[in-house]
Amino acid sequence: MSVQVENMEEKNMVKLTIEVPAEEFEAALQDAYMKQKNDFNIPGFRKGKVPRNLIEKMYGPGIFYEDAANAIIPEAYSNAADESGQDIVSRPMVDIVQIEKGKPFIFSAEVAIRPEVKLGQYKGVEVKIVDTEVTDEDVMAEIDVERENNARIVAVEGRAIESGDTAVIDYEGFCDGEPFEGGKSENYPLEIGSGSFIPGFEEQLIGKNVGDDCDVNVTFPEEYHAPELAGKPAIFKVTIHEIKTKEMPELDDEFAQDVSEFDTVDEYKESVREKVAGQKAEAARRTQEEEALDKIVAEAEIDIPAAMIDTQCENMINQFAQQLAGQGLSLDYYMQYSGTTMDGLREQVRPDAESQIRHELVLDAIAAAEEIEITDEDIDEEIKKMAAMYQMDAEQLKGYMGEDEEENMKLDLASRKALDLIADTMVPTSSIVTEEPEETEGEDA
């Protein structure tokens with residue numbers, strides 16, 4: 001096999017012309033024939049016994065070309081990509097140049113290569129100061145979350161439903177006078193104000209009492225997941241069985257001892273204050289990192305080929321499809337529900353795809369400029385963190401990793417170190433607006 005590399009008119013695009021020897025193409029043709037020979041029925045021959053040359057004579061010499069080419073191209077392209085020495089960053093656009101029995105099989109692959117990055121200033125970037133002051137309200141908000149997590153659910157007597165209560169109800173929905181699938185339930189605990197039901201449903205239960213029967217009138221959203229109900233009015237017959245509410249624990253020493261290692265409320269509050277301060281400091285650093293990186297990316301000069309962005313778009317859509325699959329949904333269902341198409345999805349993700357590429361290329365360029373190296377110790381430490389996260393043995397996890405996974409981990413760690421360098425050298429500064437002094441009446445110009 002041989003490969004020729006040719007620069008294309010579009011910057012950072014190359015064409016690989018790959019030639020596969022005639023004997024390899026012949027072998028692929030024979031393999032295609034062997035896989036398909038049972039599909040041909042020709043009078044005078046038993047099934048699977050029709051000679052290849054006769055099939056080619058009857059159906060044309062190209063009868064097995066497509067299958068042979070499809071069998072050859074993946075491996076031939078992969079080998080040619082390695083042999084070319086190019087840093088390829090897109091899927092190939094393949095075109096057949098020559099396909100003929102007895103001759104070498106020649107095809108081309110147009111690919112994007114990693115663009116060069118011309119960096120501007122990336123150390124000492126000015127960023128806005130982020131307020132990290134911890135107020136008493138911040139502390140109490142954090143404590144109230146813990147109190148709510150430890151709240152008891154108690155039955156309410158002697159009053160009607162209020163926002164925040166949980167109403168235990170039976171309901172059945174009707175659309176056009178007919179019950180619909182999924183519109184009925186018994187003893188359902190509905191938190192009023194949670195927004196978990198159709199807009200307007202929960203609010204109509206406020207003021208109702210245990211034992212009440214009522215009609216709840218709603219209209220399904222235009223983009224409701226069940227198309228047959230989208231945008232239609234419905235009536236729900238509702239019976240209220242119970243009203244429950246959360247009883248928050250008192251904020252006292254006993255509560256502090258139950259939820260923390262401290263004996264008093266004051267000690268507990270101080271620990272919460274330190275925790276919130278740490279969270280705010282970390283969030284501030286992330287915000288400033290993003291601001292600094294955005295400024296560096298904006299100053300960097302990069303010619304990103306369209307094919308590289310196209311490939312990133314496909315990768316993002318595939319990742320989204322995997323996330324949907326984890327929720328038991330398909331990408332086709334999502335597109336039907338959202339009224340979009342595959343081309344529409346590509347256009348939606350394209351700005352983010354390009355932004356991600358620019359950020360990654362800039363961080364890679366900084367890592368290269370700073371000669372950041374990732375050691376075996378760095379890899380081992382990262383594997384230990386991942387193993388702890390997934391509750392696995394570190395050596396076992398390392399055994400699952402191949403060369404490609406390890407190389408990707410090195411690139412990720414180098415990017416992180418580059419980002420740390422940016423963060424460690426950035427200069428927080430207040431945004432100061434300079435105003436021109438007003439002229440005083442009667443003052444000489």
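A residue is classed as buried when its relative accessible area is under 20%, as exposed when it is over 50%, and as partly exposed in between, with a 1.4 Å probe and protein chains only. By this criterion, 32% of the 445 residues of the protein are buried. The structure is a predicted model, in which local features require pLDDT of at least 70 and side-chain atom pairs count only at pLDDT 80 or more, while totals for chains, interfaces and linings use all residues. Residues are numbered from 1 along each chain as its sequence is written, and side-chain values use heavy atoms, with hydrogens and water left out.

The secondary structure comprises 12 helices and 13 strands, taken as DSSP runs (helices H or I, at least four residues; strands E, at least two) and numbered from the N terminus. Along the principal axes, the C-alpha trace spans about 95 × 80 × 65 Å. Of the contacts (heavy atoms within 4.5 Å) with a separation of 6 or more, 67% involve residues 24 or more positions apart.

The axes of helix 6 (residues 265-299) and helix 9 (residues 342-369) come within 10 Å and cross at roughly 90°; these axes are lines fitted to C-alpha atoms over the stretch in contact, with angles from 0 to 180 degrees between N-to-C directions. Helix 6 is therefore roughly perpendicular to helix 9, a class that covers angles of 65 to 115 degrees. Helix 6 contributes Leu293, Asp294, Ile296 and Val297 to the contact, and helix 9 contributes Arg358, His359, Val362, Leu363 and Ile366. These residues divide into six nonpolar, one polar and two charged.

Glutamine 36 is located in helix 1 (residues 22-36) and is buried, at a relative accessible area of 17%. Residues up to four places away in sequence being excluded, glutamine 36 touches Phe64 and Asp67.

Most residues other than glycine have a negative phi. Glutamate 371, although not a glycine, has a positive phi of about 55°; glutamate 371 lies in the loop between helix 9 and helix 10 (376-390) and is exposed, with a relative accessible area of 66%. Glutamine 391 likewise has a positive phi of about 55°. Glutamine 391 is placed in the loop between helix 10 and helix 11 (394-400) and counts as exposed at 77% relative accessibility.

Note on methods. Angles under 35 degrees count as roughly parallel, over 145 as roughly antiparallel, 65 to 115 as roughly perpendicular and the rest as oblique. Ala, Val, Leu, Ile, Met, Phe, Trp, Tyr, Cys and Pro count as nonpolar, Asp, Glu, Lys and Arg as charged, and the others, Gly among them, as polar.
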